[in-house]
Amino acid sequence: GGQEEAIAANRRTILSAIALAVFMVFAVMAVQYESFVNPLVIMIAIPMALVGVVGALLLTGLPVSAPVMLGLILLAGIVVNNGILLVEYIEIRRRGGAVGRFEAVLEGAPLRVRPILMTVSTTVIGMLPLAFNPAEGAELMAPLAVTVIGGLVLSTALTLFVVPCLYMVMTGTAERLRARFVVGGAGSRA
């Protein structure tokens, strides 16, 4: 009974740490971008990574444990970095109004594939020995590596397609709303 209570308390603590980490990453990005739209677009990659984690855990037969939770924290940071690489390049191309939203996405997405694949492949390759280490005691950290590998593989594939599409939809909606309220607000004052 006491051990089960300790495990439940540890799980709550780790889940709180994950939620706090995700919130802090979102808050920092919202301050940096001075907008909620781009951070939301970038953060959508985290749920996509969770699908890969669940698949990897089911495939390997590993249970959800403390190392898996720690792997989720690590994975969230890496996945967000990949989204930042993509969205930031698109935003750089759009600054000054020289390139439209659609053209910036069409140009930026293919150019950012290589850096994203490089960061993902180095992380996955670096985690493989940890995931498949047959040494005694290695089974403690294998779930962390499986979590990161499974989440990165699926989230990268989805991020390269979903994030640019979501960027187009959300920034377009935000621009329409901004124009409507700024024009509508200016017209009603006149």
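## Arg94 and its surroundings

In this predicted model, the side chain of Arg94 makes a polar contact with the side chain of Tyr167, at 3.0 Å. Arg94 itself belongs to helix H4, a helix that spans residues 66-94.

Helix H1 covers residues 2-33, which gives it 32 residues, and from its first C-alpha to its last it reaches 46 Å, close to the 46 Å expected at 1.5 Å a residue. After H1 comes Glu34, a residue whose phi is positive, near 55°.

Which residues of H1 are buried? They are Ile14, Ile18, Phe26, Met29, Ala30 and Tyr33, and the buried residues of this helix pack against two others, namely helix H2 (37-43) and helix H4 (66-94). In an α-helix there are 3.6 residues a turn, so residues three or four places apart point the same way.

## How H1 meets H4

The axes of H1 and H4 lie 9 Å apart, and the two helices pack at an angle of about 10°. Because angles under 35 degrees count as roughly parallel, this makes H1 roughly parallel to H4.

On the H1 side, the residues that take part are Arg11, Ile14, Leu15, Ala17, Ile18, Val25, Met29 and Tyr33, and they meet Ala66, Met69, Leu72, Ile73, Val80, Ile84, Val87, Glu88 and Glu91 on the H4 side. Sorted by class, the contact of H1 with H4 has 14 nonpolar residues, three charged residues and no polar ones. Among the H1 residues that meet H4 are Ile14, Ile18, Met29 and Tyr33, which also belong to the buried set of H1.

## Thr159 in helix H6

Thr159 lies in helix H6, which runs over residues 142-189. Is Thr159 buried or exposed? Its relative accessibility is 2%, and because buried means under 20%, Thr159 counts as buried.

The side chain of Thr159 reaches the backbone oxygen of Ser155 at 2.5 Å. Once its neighbours within four places in sequence are left aside, Thr159 is in contact with Ala45, Met48, Leu86 and Pro164.

Terms used: Residues are numbered from 1 along each chain as its sequence is written. This is a predicted model: local features need pLDDT of at least 70, side-chain atom pairs count only at pLDDT 80 or more; totals for chains, interfaces and linings use all residues. Side-chain values use heavy atoms; hydrogens and water are left out. Helices (H or I, at least four residues) and strands (E, at least two) are DSSP runs, numbered from the N terminus. The expected span of a helix is 1.5 Å times one less than its number of residues. Buried means under 20% relative accessible area, exposed over 50%, partly exposed in between (1.4 Å probe, protein chains only). Contact means heavy atoms within 4.5 Å. Axes are lines fitted to C-alpha atoms, for helices over the stretch in contact, and angles run from 0 to 180 degrees between N-to-C directions. Angles under 35 degrees count as roughly parallel, over 145 as roughly antiparallel, 65 to 115 as roughly perpendicular and the rest as oblique. Ala, Val, Leu, Ile, Met, Phe, Trp, Tyr, Cys and Pro count as nonpolar, Asp, Glu, Lys and Arg as charged, and the others, Gly among them, as polar. A polar contact is a pair of N or O atoms within 3.5 Å; within protein, one must be able to donate a hydrogen and the other to accept it, and residues adjacent in sequence count only if both atoms are side-chain atoms.
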